[in-house]
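Hi,

Here is the structure I promised to pass on to you. Have a look at it first, and then read my notes below.

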Amino acid sequence: MGEALLDSYELYNGVKIPKLGLGVFLMKDEEELVEAVKTAVEVGYRHFDTAKIYENEQYVARGLKEAGIPRKDVFITSKVWNYDQGYEQTKIAFQESLDKLETDYLDLYLIHWAAPKFVETWKAMIELYEAGKIHAIGVSNFQIHHLEELKNQGLMQPMINQIETHPEFPQNELHEYMKANGILHEAWGPLGQGKSELLKSPVLKDIGQKYFKTPAQVILRWHLERGEVVIPKSVHADRIKENSELFDFSLTEEDMEEIAGLNTETRYGSDPDDQERIKETSIRPKDA
Ligand code: NAD
């Protein structure tokens, strides 16, 4: 296992987060997920990104157990879903995530989207953090105006913001804002979620050829050059391995400029300011 695979960024509270993690969104098949987690651990991943709404926290726990990795050696992230937001409910949802993940603390807990009660949610998370139950707290899909609202309330700043980011949607303005405010940028959908034609881009192919790397590896390296955490998802052993082989090359300024030219401001996921969607997903379904 290459030592560089374990490289991490330091959050403003001193907690270290591995630069690379395995994302597990849409992995609903228990056996497939358990195998993916075991493969990832074997390859050297030490960071896993799940969420209550993915309904697979318990499978991540099983995968880690079967991989035989001690809890202290892995970094686990989960997220509070929109209909669980608000002060009391966040604490309940947090405990449910701990139970499913079979752990008594989380390395990182995020507000999944800026739902109407996000300020109250954040207050509960600060308390859980101060009680030592979460080592780092952050947000996801927050725009500048959401981050400013937390700041204006005089509350602790998130340590991280996990947002859709890829060469077609680099989020340059938000990226610069976060950099200036000491909030680490974590990229979700780092490869364009498989919805994009990015992986076929001749620009990325040409750059990759220089380093004997695939377009996926070039994209992931681009994120790392920008100082972002990456959590690519795959259930295939060969891709899980491919997505980890990022630490034996780097991109030149010229490469970075060429990749910057791929920006089309295209979002593949939801818009955090889509109030209709936020409202709908903030209503607890009867069977939840
Ligand atoms: P992604 O950009 O990681 O794309 C995943 C898809 O890319 C795979 O399904 C596969 O089709 C393809 N792929 C993966 N590796 C490849 C390779 N080496 N070569 C070719 N194709 C490859 O998209 P994602 O899964 O949506 O995002 C990653 C993680 O981010 C998720 O699993 C989840 O943990 C997190 N996420 C968070 C949010 C949020 O709102 N906070 C939203 C979406 C995803």
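**Helix contacts and the ligand site**

In H2, Glu57, Gln58, Val60 and Ala61 meet Ser97, Lys100 and Leu101 of H3. Please keep in mind that this is a predicted model. The residues of this contact of H2 with H3 split into three nonpolar, two polar and two charged. As for the geometry, the axes of H2 (residues 57-67) and H3 (residues 87-101) come within 7 Å and cross at roughly 35 degrees.

The other helix pair I looked at is H5 (residues 144-152) with H6 (residues 172-180), which pack at an angle of about 25 degrees, their axes 10 Å apart. An angle under 35 degrees counts as roughly parallel, so H5 is roughly parallel to H6. On the H5 side, the contact is made by Ile144, Leu147, Glu148 and Lys151, and these meet Glu173, Leu174, Tyr177 and Met178 in H6. Sorted by type, the residues of the contact of H5 with H6 are five nonpolar, no polar and three charged.

Now to the ligand. There are 26 residues around it, and Asp49, Ser140, Leu191, Gln193 and Asn243 come nearest. Asn243 also places a polar side-chain atom 2.8 Å from a nitrogen atom of the ligand. Backbone atoms take part too: a polar one of Phe25 is 2.9 Å from an oxygen atom of the ligand, and a polar one of Gly192 is 3.4 Å from an oxygen atom of the ligand. On its own the ligand has 830 Å² of accessible area, and the protein covers 89% of that.

Happy to hear what you make of it.

Best wishes

How values were computed. Residues numbered from 1 in each chain as written. Predicted model: local features only at pLDDT ≥ 70, side-chain atom pairs only at ≥ 80, totals over all residues. Heavy atoms only, no water. Axes fitted to C-alpha atoms, helices over the stretch in contact; angles between N-to-C directions. Helix = DSSP H or I, 4+ residues; strand = E, 2+ residues; numbered from the N terminus. Parallel < 35°, antiparallel > 145°, perpendicular 65-115°, else oblique. Contact = heavy atoms within 4.5 Å. Nonpolar A, V, L, I, M, F, W, Y, C, P; charged D, E, K, R; others polar. Near = heavy atom within 4 Å. Polar contact = N/O pair within 3.5 Å; in protein donor to acceptor, adjacent residues only side chain to side chain. Areas by Shrake-Rupley, 256 points an atom, 1.4 Å probe, with all protein chains shown as cover.
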